[in-house]
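Me: I'd like to go through this model with you and ask what stands behind each label. Could you set the values against the definitions as we go?

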Amino acid sequence: MLVIGAGKIGVAIQHDLIKNGIEARICDVFEKELPNFFVMDARDTNALIKEMKGEDVAISALPYDFNYKIAKIAIKTKTNFIDLGGNSRIVEKELALHEEAREAGITIIPDCGLAPGMSNVVAHHLWEQGAREIHIRVGGLPVNPKPPLNYALVFSIHGLINEYVEDAIIVRNGEITRVESLTGLEEIEIEGRKFEAFYTHGGTSTLPKTLHGVKELDYKTIRYKGHCEKILLLKQLGFFDDDARKFSEKILEKALPKNERDFVIAKIYSENMEAFLIDYHDGIFSAMQRTTAFPTAIIAKMVADGKIEKGAYPPEIAINFDEFINELRKRNIKWKLK
């Protein structure tokens, strides 16, 4: 297998694959001290073609902007391809490659991480059990929050800002609709602690179209109280507009704490069911690394083992729920269903 991108998530994906007996190379534009590492610039199409040829599965751990291009190359090189998703428009373009992927004899699955990813598979399970009103609440938070934003950078700043900028896609009264991100603020209590949750982009991804007959469906990001108001102010002042966004991303990347001990909380609930997950830094990998990278590695192995049909599919359609949950449990990522 080939992991493209040796950031926090890519490194954890490769670790899980190797730990489970899979030979996995990893590459990045910058030199890194990692097993089976080589330098490659993912903007170089010829280099991608050369390195992807002959691999069972290529996994993109890059920002979402790269994923459609790599999916097209995967068809050319006849390499199975999965990624972390995060941008609904790009995911739609990847899924539109279904016939080309099937003819090439490969599988393409975007959205393989935490949310979208695990959350899709769990929400789909609730839907299969008859749920028609599904609410998804997910957040990755520092154990010891520091002002002013009470947040730590646990994945790509580019992907984070995208969640805050683009509209959230939800289902309301049976109709797919868009709402502005950073709205719909609500208080949420988890294990005796009070947080806030608000609409962000990308979390529902393909679910509004795959959960047929769903009446209500929404996704909100969980943060410490006060975070939404501060980020919304920056957005309203234009800091995330096209001409300012790169500058703002650099400032936030510099300002936000990194390598903080974190935890991930996920609560997916319906009229009569609830799925709950809380996961912590394990001493080696952060909770965000664990809950994003390990599901991706599990899905990569399922693809390599021929357990998923050829074509382009969202994870909730492609993945066997019971097998997926069992594999997560082996990694001490434990969903509680009630």
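Predicted model: local features only at pLDDT ≥ 70, side-chain atom pairs only at ≥ 80, totals over all residues.

Me: What makes the pair His158 and Asp65 a polar contact?

Reply: Their side chains are joined at 3.1 Å. A polar contact is a pair of N or O atoms within 3.5 Å; within protein, one must be able to donate a hydrogen and the other to accept it, and residues adjacent in sequence count only if both atoms are side-chain atoms. His158 itself lies in helix H7 (residues 157-165).

Me: Why is Leu95 called buried?

Reply: Leu95 has a relative accessible area of 18%, and buried means under 20%, exposed over 50%, and partly exposed in between (1.4 Å probe, protein chains only), so Leu95 counts as buried. Leu95 belongs to helix H4 (residues 88-95); helices (H or I, at least four residues) and strands (E, at least two) are DSSP runs, numbered from the N terminus. Beyond neighbours within four places in sequence, Leu95 is in contact with Pro110, Thr206, Ala312, Tyr313 and Pro314.

Me: And why is Leu233 called partly exposed?

Reply: Its relative accessible area is 47%, so Leu233 is partly exposed. Leu233 is found in helix H9 (residues 227-236).

Me: What makes Arg43 and Asp41 a salt bridge?

Reply: Their closest N and O atoms are 2.9 Å apart, and the definition asks for a side-chain nitrogen of Lys or Arg within 4 Å of a carboxyl oxygen of Asp or Glu. Arg43 is exposed at 59% relative accessibility, whereas Asp41 is partly exposed at 26%. The structure holds 23 salt bridges.

Me: How do you know that Asp282 and Arg290 form a salt bridge, too?

Reply: Here the closest N and O atoms are 3.3 Å apart. Arg290 is buried at 5% relative accessibility, while Asp282 is partly exposed at 36%.

Me: Where do Glu327 and Lys330 lie?

Reply: Both are in helix H13 (residues 321-330), three residues apart, about one turn of the helix. An α-helix has 3.6 residues a turn, so residues three or four places apart point the same way. Glu327 and Lys330 form a salt bridge with closest N and O atoms 2.9 Å apart, and a network of salt bridges links Asp16, Glu327, Lys330 and Arg331.

Me: How do you know that strands E10 and E11 pair?

Reply: Pairing requires at least two bridges found by DSSP, and five join E10 (residues 186-190) to E11, running antiparallel. Glu187 has Glu196 in E11 as its bridge partner. E10 and E11 form a hairpin with two residues between them, and Glu191 in the turn has a positive phi of about 50 degrees. E11 is also joined to strand E12 (residues 216-223), antiparallel, by four bridges.

Me: Why is E11 said to be largely enclosed by the rest of the structure?

Reply: Five of the seven residues of E11 (residues 193-199) are buried, so the strand is largely enclosed.

Notes
Residues numbered from 1 in each chain as written. Heavy atoms only, no water. Contact = heavy atoms within 4.5 Å.
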